[in-house]
Amino acid sequence: MNSTIDKQPNCIAQLQIEIPADRVGQEREKIVKQFLQFAQVPGYRAGKAPRMVVEAKFKAKINEQLESDLLSAGVREAISEHKLKVLGVQSVDDVKREPNGPLTFAAKVITAPEFELPEYKHLQIRAPEMKIEDKQVDDSLERLQQRLAEFEDVTGRELAMDDFCVLDVAGRVDGVPVGEVTAERAGAELQGRENFWIKMGPGNFLPDFCEALVGMSAGETREFSLELPMDFPVKELAARKIDYVVKLREIKKQVLPELDDAFAEKVAPGKTMTELRELVRTDLERQMTDMIEEGKRRQVLDQINGAVDFELPQHMVRSETQRIASDIIRQNQERGIADDKIVENQSEIATNAHNAAKERLKSAFVLTRIAAKEGIAVTKDEVHERVVSLAARYSTSVDKMQKDLEERDALSGIEEELLIAKTLAALTADATVLPLEQPAAQSA
């Protein structure tokens with residue numbers, strides 16, 4: 001077999017392949033013998049029909065199988081001959097075969113990017129010192145204290161700053177409810193609602209809103225207007241006036257529980273206040289550890305990605321871009337962003353998704369190459385652990401999750417994801433960590 005290669009942009013290799021006439025004849029003879037043995041021909045027992053009859057009756061099928069087998073074999077052998085790392089076959093065309101002659105055709109294959117690995121050992125990165133201050137513990141306990149607070153009615157006085165209050169709020173712009181002026185969820189929130197709880201404080205809800213309520217008595221209704229600034233984040237309301245009608249239902253006083261053993265028992269049954277403080281500190285340390293490790297991994301990725309540049313397969317970039325864009329849109333919808341707002345920002349979403357796709361794919365190719373060079377591999381047990389985790393997340397059996405992943409051909413993707421994470425973790429563990437205040441030297 002003869003083949004030539006023409007490497008093209010975007011990780012495409014064009015192969016011109018010729019399979020000689022003698023091999024075509026040998027392959028055809030093998031296929032004809034199979035048909036002679038198994039073909040069903042009326043008037044003859046299986047395997048007893050004359051060759052001429054079988055070849056005439058099954059000519060199209062014989063030629064179809066011959067071409068299919070030779071094309072597949074030719075592509076495989078050309079890939080091996082030119083030592084290509086192929087991600088997929090894009091097309092096979094321009095197939096030509098003369099009677100008793102060679103078979104020639106062209107194949108386009110998508111190859112893995114070609115690049116020299118950057119320096120990835122003993123990188124230098126920076127990270128903050130792992131230290132939790134007493135004030136951070138105090139602040140966390142205070143947040144827990146706020147969550148368990150009780151509220152008592154306040155009578156005999158007017159509303160003041162730092163009070164909590166329950167309001168009926170209705171806002172309009174030029175006589176139209178605020179929620180109808182803007183498509184954003186924020187517009188509906190600014191319109192207000194019944195039984196709306198708010199803590200009185202400067203800037204709460206809207207600038208000057210709480211100030212306009214000071215001095216109200218329970219049961220009182222007050223009307224006032226607020227001028228929104230030019231840089232107001234909801235653009236349909238920027239520099240516009242909202243007319244509010246507010247009824248004060250109740251004035252409330254927040255009563256915080258004492259930070260004692262009884263409080264600890266409510267938060268963590270069986271624990272004293274001293275033990276609760278240690279639990280909080282441990283949780284803060286875990287959160288900080290996660291944050292530091294993520295920052296270290298990000299620095300490693302930035303260094304190795306920044307030290308190498310290569311073309312990416314465009315079909316993979318397109319596919320990953322679509323997946324990331326879909327995730328962005330779904331997250332925006334879950335946050336309550338209106339569809340027309342998402343459409344308005346589709347160009348920005350597409351750009352961000354495209355950039356993120358290229359970064360992810362680049363990282364994946366580099367880390368996979370490093371894994372191969374360093375002998376890093378994913379074990380069957382590690383894949384099984386991920387399947388078990390997915391089964392628990394989706395409340396299904398491990399066997400059903402395994403079968404579903406196999407049917408969707410998704411296990412290889414899980415293995416690749418684990419391999420990339422494992423390799424990045426190894427590079428991060430190998431890096432030299434410097435304190436934040438000391439600049440990291442350039443790696444060799």
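User: Why are Lys 30 and Glu 27 said to be separated by about one helical turn?

Analyst: This is a predicted model. Lys 30 and Glu 27 are 3 residues apart in helix 1 (residues 21-38), so about one helical turn separates them.

User: What makes the contact between Lys 30 and Glu 27 a salt bridge?

Analyst: The cut-off is a Lys or Arg side-chain nitrogen within 4 Å of a carboxyl oxygen of Asp or Glu. Lys 30 and Glu 27 have an N to O distance of 3.5 Å. That is within 4 Å, so the pair qualifies. Side chains of opposite charge can pair when their charged atoms come close.

User: Is Glu 27 buried or exposed, and how is Lys 30 classed?

Analyst: Buried means under 20% relative accessible area, and exposed means over 50%. Glu 27 has 16%, so it is buried. Lys 30 has 45%, which falls in between, so Lys 30 is partly exposed.

User: How do you know that Glu 133 and Lys 131 meet in a salt bridge?

Analyst: The N to O distance between their side chains is 3.8 Å. The limit is 4 Å, so the pair counts. Glu 133 is partly exposed at 41%. Lys 131 is partly exposed at 46%. By this rule the structure has 34 salt bridges.

User: What is the separation of Arg 323 and Asp 327 in helix 9, and what joins their side chains?

Analyst: Arg 323 and Asp 327 are 4 residues apart in helix 9 (residues 314-334), so about one helical turn lies between them. Their side chains meet in a salt bridge of 3.5 Å, N to O. Arg 323 has 40% relative accessibility and counts as partly exposed. Salt bridges with shared partners link Glu 320, Arg 323, Asp 327, Arg 330, Glu 334 and Arg 360 into one network.

User: What makes strand 7 and strand 11 a pair?

Analyst: Pairing needs at least two bridges. Strand 7 has 9 bridges to strand 11 (residues 241-255), so the two pair, and they run antiparallel. Arg 172 has Asp 243 as its bridge partner in strand 11. Strand 9 (residues 196-199) is joined to strand 7 by 4 bridges, also antiparallel. There, Leu 167 stands opposite Phe 196.

User: How many bridges join strand 7 to strand 8?

Analyst: There are 2, and the strands run antiparallel. The cut-off is at least two, so the pair qualifies. Val 173 stands opposite Val 176 in strand 8. The two strands form a hairpin with 2 residues between them, and Asp 174 in the turn has a positive phi of about 55°.

User: Why can Val 89 be part of a surface patch?

Analyst: A patch residue needs over 30% relative accessible area. Val 89 has 46%, so it passes that cut-off. Val 89 sits in strand 3 (residues 86-97). With Val 92 and Val 95, Val 89 makes a nonpolar patch of about 200 Å².

User: What makes Asp 260 partly exposed, and which patch contains it?

Analyst: Asp 260 has 33% relative accessible area, between 20% and 50%, so it is partly exposed. Asp 260 lies in the loop between strand 11 and helix 7 (261-267). Its patch of negative surface charge also includes Glu 258, Asp 261, Glu 265 and Glu 275.

Terms used: Residues numbered from 1 in each chain as written. Predicted model: local features only at pLDDT ≥ 70, side-chain atom pairs only at ≥ 80, totals over all residues. Heavy atoms only, no water. Patch = residues over 30% accessible without salt bridge, like charges linked within 9 Å, V, L, I, M, F, W, Y side chains within 5 Å. Areas by Shrake-Rupley, 256 points an atom, 1.4 Å probe, with all protein chains shown as cover. Lys, Arg positive; Asp, Glu negative; His and termini not counted. Charge placed at Lys NZ, Arg CZ, Asp CG, Glu CD. Buried < 20%, exposed > 50% of the residue type's maximum accessible area, 1.4 Å probe, protein only.
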